[in-house]
Amino acid sequence: MDRMLLLYNSVRMSLEQSATGEKFVEDLIGQNLRTAAIAAKFKLDPDIGNIDNQELVELSRQLGVNHITLFQRTADDIVGVRSSDPKDLNVSSKGWDTIYKVFHQLFDLQDVDVGMGQALPHYWSSPFDTATSNPESVNKWGYYYDGTTNYIINPFVHNTDFRTYQSLTGIEDAIRRLTKENEHIGLDISVLNSDKLMNRQHLGLNPTPSNWYSERLVLFGKYRYKSPDDKEFGQKALETKNTVFYTTISEGKQVFKSLTPIHGDYIKYNAAGTPPLIEISYDYTEIQQLLQKQFSNTLLFMLICIGISLAIIASIFILYNRNKELAVQDVQDAYAGDIETLFQSIREQRHDFINHIQTINAFLTLKQYEELHSYTKTLVDEIRVVNDLVNINNPPLIALFQAKLTQAESKQIRFEYAFSQMEKVKLSPVKATDIVRLLSNLIDNAFDASMELNPENRFIRVEGEVVHHQLQLKVMNRGNPIAPDIQGKMFQPGFTSKQNGKNSGLGLHIVRQLVERYHGSIQLKSENGITEFSISIPLKGVL
């Protein structure tokens with residue numbers, strides 16, 4: 001379940017990050033459609049009666065759009081009277097809700113105000129959407145009317161270029177990457193249109209405004225493991241506004257699934273305010289095989305450790321027997337003590353090993369494979385993390401780096417650290433909380449700089465040591481170089497080089513104040529793609 005929640009958060013963050021870029025590209029296409037409509041106005045006769053469809057076919061080719069349709073107002077409708085696309089001829093717009101309202105505002109020479117889309121003078125463009133008559137086709141329409149013609153000019157383009165952009169940089173790329181990384185367990189990730197999943201129709205005035213992929217069930221990703229249970233649990237997820245987990249049968253396989261509604265104002269992939277659902281599925285058979293393989297590897301690892309320990313014991317016995325006649329009695333006693341200690345250590349390891357084996361066997365007997373996976377993963381992670389962190393010998397720093405390691409992993413940043421003799425700081429007047437504040441602000445600053453790079457280039461290293469009664473700290477990161485004229489302003493209160501509006505500009509100012517409080521110094525060096533902050537604080541001869 002924890003794995004599914006992590007995957008959900010990855011997909012959700014990808015949606016958030018791609019929304020801004022997608023909107024920029026979409027608005028740019030909308031502006032190009034307006035330009036094409038104005039060019040068409042000058043090419044066409046202002047009276048629709050003097051225009052034929054073949055003329056629109058040739059004009060579409062010249063302007064670089066897929067099709068052009070001309071809409072004219074009738075007594076009780078607005079109809080596509082001329083078009084380069086035969087499917088749009090005589091099509092009624094009365095049932096198009098938002099677009100029908102836009103048509104009337106354009107014909108009345110009013111500013112378009114429908115709460116969505118791209119409104120420009122005498123013009124409105126809808127978001128990319130599926131045509132109701134053809135859900136597989138995704139188009140972007142633009143509508144222009146300035147009163148000089150007796151028709152609305154409607155150029156539109158297919159989504160080929162935009163879908164390529166989205167596939168390379170947006171949510172499709174994130175889903176494809178996550179799926180590939182977990183292909184060994186049959187992972188399935190998709191973003192579903194909840195209205196289509198529930199077969200739901202919204203009634204009332206202007207009920208289903210034109211929106212992204214309003215006629216599609218699968219907005220993004222692949223929905224391979226379909227099940228009749230999805231509708232029931234999807235409704236439950238929407239009602240509770242939380243993730244629901246369940247096991248079902250799909251394609252003849254036992255599948256473990258989760259459905260999670262996406263909430264937030266940034267989401268534009270929902271009709272009438274109904275949030276879409278992130279669907280994540282695992283092939284249970286693949287999971288069982290993976291757990292069995294992990295268990296076998298763990299058991300083999302433990303057996304190898306026991307074998308090595310027994311080999312060490314045997315070697316000690318052989319060495320002891322060869323040299324016992326030449327060793328004095330006190331050396332013999334010392335060896336005997338060492339051997340007893342080693343035996344005690346082996347007995348303790350054997351006791352823990354038996355307990356782990358019994359626990360693993362119990363999970364297998366109960367077929368609790370997910371708990372088994374979590375248990376064995378925890379054993380390995382605890383050994384690695386505890387060993388690295390304990391070596392710091394400073395509890396506040398251990399707590400800090402435990403948090404920053406997790407944060408770095410979520411940001412795809414390679415994070416390294418090296419500390420020595422930090423236990424001596426306990427005897428100094430430097431407060432542990434101030435050291436944490438110093439490093440925390442510098443590391444957060446390094447995180448921000450690293451996020452400007454591609455994931456494979458993101459790197460941060462933190463060092464700390466006590467040398468000659470001096471506490472020395474360094475925080476280094478790869479990133480864009482900081483210009484010399486900017487470096488002089490970095491420590492001023494309120495100054496920030498970030499343009500996202502999320503930085504207060506106080507972090508480095510706080511760092512400098514803390515360093516000066518302890519009569520220390522801080523240096524900034526940024527060259528050859530590496531930015532380094534170096535801090536030196538005297539420990540006043542206490543050590």
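1. Leu109 sits in the loop that runs between helix H3 (98-107) and strand S3 (118-120). Helices (H or I, at least four residues) and strands (E, at least two) are DSSP runs, numbered from the N terminus. Leu109 is not a glycine, yet its phi is positive, about 55°. Its relative accessibility is 48%, so Leu109 counts as partly exposed. The cut-offs: buried is under 20% relative accessible area, exposed is over 50%, and partly exposed is in between (1.4 Å probe, protein chains only).

2. On provenance: this is a predicted model, where local features need pLDDT of at least 70, side-chain atom pairs count only at pLDDT 80 or more, and totals for chains, interfaces and linings use all residues. Residues are numbered from 1 along each chain as its sequence is written, and side-chain values use heavy atoms, with hydrogens and water left out.

3. His122 also has a positive phi, about 60°, and is not a glycine. Its loop lies between S3 and strand S4 (123-125). At 37% relative accessibility, His122 is partly exposed.

4. The whole structure holds 13 aromatic pairs. Rings of Phe, Tyr and Trp (its six-membered ring) pair if their centres lie within 6.5 Å; planes under 30 degrees apart are stacked, over 60 edge-to-face, and the rest tilted. Phe245 and Phe256 count as stacked because their planes meet at 15°, with centres 6.2 Å apart. This pair links distant parts of the chain, eleven residues apart: Phe245 belongs to strand S10 (residues 244-250) and Phe256 to strand S11 (residues 253-261).

5. Phe256 is buried, at 8%.

6. Phe401 and Phe419 make an edge-to-face pair, with 5.2 Å centre to centre and 75° between the planes. Here too the pair links distant parts of the chain, 18 residues apart. Phe401 is in helix H11 (residues 395-410), Phe419 in strand S13 (residues 414-420). Phe401 has 0% relative accessibility and counts as buried. Phe419 is buried as well, at 15%.

7. Phe401 and Phe419 belong to a cluster.

8. Lys41 lies over the face of Phe42, 4.5 Å from the ring centre. The criterion is NZ of Lys or CZ of Arg within 6 Å of the ring centre and within 35 degrees of the ring normal.
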